[in-house]
Amino acid sequence: MQREPRSFARIGAAMEVHRILGPGFLEAVYQEAFARELTQRGIPFRAEVELPVFSKGDRLSTSYRADFVHRQSVIVGTLFNFGAPSLQHKRFVFSPKEFA
């Protein structure tokens, strides 16, 4: 399986955060550390991005807040579990159409 370089870079940043902090902190600690690591590595992202949600073509009044958006269309499509003894991750792929 060929690795996607952007995913590889994000996973590497998350692995570094987990290596330094280990498991046991609340999500907010890992979010801040991950944001700092992405910045230090020059990986562009936006944090706490509000995205509209649609149901049957109608926009709901409630929106979804993504922790991180990378490259305009990837909602850090990798789920990280910093709470495990070894960093766990699962990659999800979302198309921009799913959010419009």
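User: How many aromatic pairs does the count come to here?

Analyst: This is a predicted model, and the count of aromatic pairs in it comes to six. One of them joins Tyr 30 and Phe 82, whose rings are stacked at 4.6 Å centre to centre with 5° between the planes.

User: Where in the chain do Tyr 30 and Phe 82 sit?

Analyst: Tyr 30 belongs to helix H2, while Phe 82 lies in the loop between strand S5 (78–81) and strand S6 (88–91). The two are 52 residues apart, and the pair thus links distant parts of the chain.

User: Are Tyr 30 and Phe 82 buried or exposed, and which other pair can you describe?

Analyst: Tyr 30 and Phe 82 are both buried. Another pair is formed by Phe 45 and Phe 68, in an edge-to-face arrangement with 5.5 Å centre to centre and 65° between the planes. This pair also connects distant parts of the chain: Phe 45 is in the loop between H2 and S1, Phe 68 is in strand S4 (residues 64–69), and 23 residues separate them.

User: Why does Phe 68 count as buried?

Analyst: Phe 68 counts as buried because its relative accessibility is 7%, and the cut-off for buried is under 20%. Phe 45 has 23% relative accessibility, so Phe 45 counts as partly exposed.

User: Which residues form the aromatic cluster?

Analyst: One aromatic cluster is made up of Phe 25, Tyr 30, Phe 34, Phe 45, Phe 68, Phe 80 and Phe 82.

User: Changing topic, how many residues does the largest nonpolar core have?

Analyst: The largest nonpolar core has 13 residues. Those with the most contacts inside it are Ala 14, Phe 34, Leu 38, Phe 80 and Phe 82. Helix H1 (5–21) and helix H2 (27–40) each contribute at least two residues to this core. In soluble globular proteins, nonpolar side chains tend to be buried together.

User: What does Leu 38 touch?

Analyst: Leaving aside residues up to four places away in sequence, Leu 38 touches Ala 13, Ile 43, Phe 45 and Phe 68.

User: Stepping back, what pattern does the protein follow along the sequence?

Analyst: The protein has two helices and six strands, and reading along the sequence gives the pattern α-α-β-β-β-β-β-β. Of its 100 residues, 29% count as buried. Among contacts with a separation of 6 or more, 46% are between residues 24 or more positions apart.

User: And what about the accessible surface?

Analyst: The accessible surface of the protein comes to about 7200 Å², and 55% of it belongs to carbon and sulfur atoms. Phe 25, Leu 26 and Val 29 form a nonpolar patch on the surface, with about 300 Å² of accessible area together. Of these, Val 29 is placed in helix H2 and is partly exposed, at a relative accessible area of 34%.

User: Which residues other than glycine have a positive phi?

Analyst: Glu 48 has a positive phi of about 50° although it is not a glycine. Lys 56, likewise a residue other than glycine, has a positive phi near 55°.

User: Where are Glu 48 and Lys 56 found?

Analyst: Glu 48 is in strand S1 (residues 46–51), and its 39% relative accessibility makes it partly exposed. Lys 56 lies in the loop between strand S2 (54–55) and strand S3 (58–59).

User: Why is Lys 56 called exposed?

Analyst: Lys 56 is called exposed because its relative accessible area is 85%, and the cut-off for exposed is over 50%.

Notes: Residues are numbered from 1 along each chain as its sequence is written. This is a predicted model: local features need pLDDT of at least 70, side-chain atom pairs count only at pLDDT 80 or more; totals for chains, interfaces and linings use all residues. Side-chain values use heavy atoms; hydrogens and water are left out. A nonpolar core is a set of buried Ala, Val, Leu, Ile, Met, Phe, Trp, Tyr and Cys residues joined through side-chain atoms within 4.5 Å. Buried means under 20% relative accessible area, exposed over 50%, partly exposed in between (1.4 Å probe, protein chains only). Helices (H or I, at least four residues) and strands (E, at least two) are DSSP runs, numbered from the N terminus. Contact means heavy atoms within 4.5 Å. Accessible areas come from the Shrake-Rupley method with a 1.4 Å probe; for residues, only the protein chains shown count as cover. Patches are made of residues with over 30% relative accessible area and no salt bridge: like charges are joined within 9 Å, nonpolar side chains (Val, Leu, Ile, Met, Phe, Trp, Tyr) within 5 Å. A salt bridge is a side-chain nitrogen of Lys or Arg within 4 Å of a carboxyl oxygen of Asp or Glu. Rings of Phe, Tyr and Trp (its six-membered ring) pair if their centres lie within 6.5 Å; planes under 30 degrees apart count as stacked, over 60 as edge-to-face and the rest as tilted.
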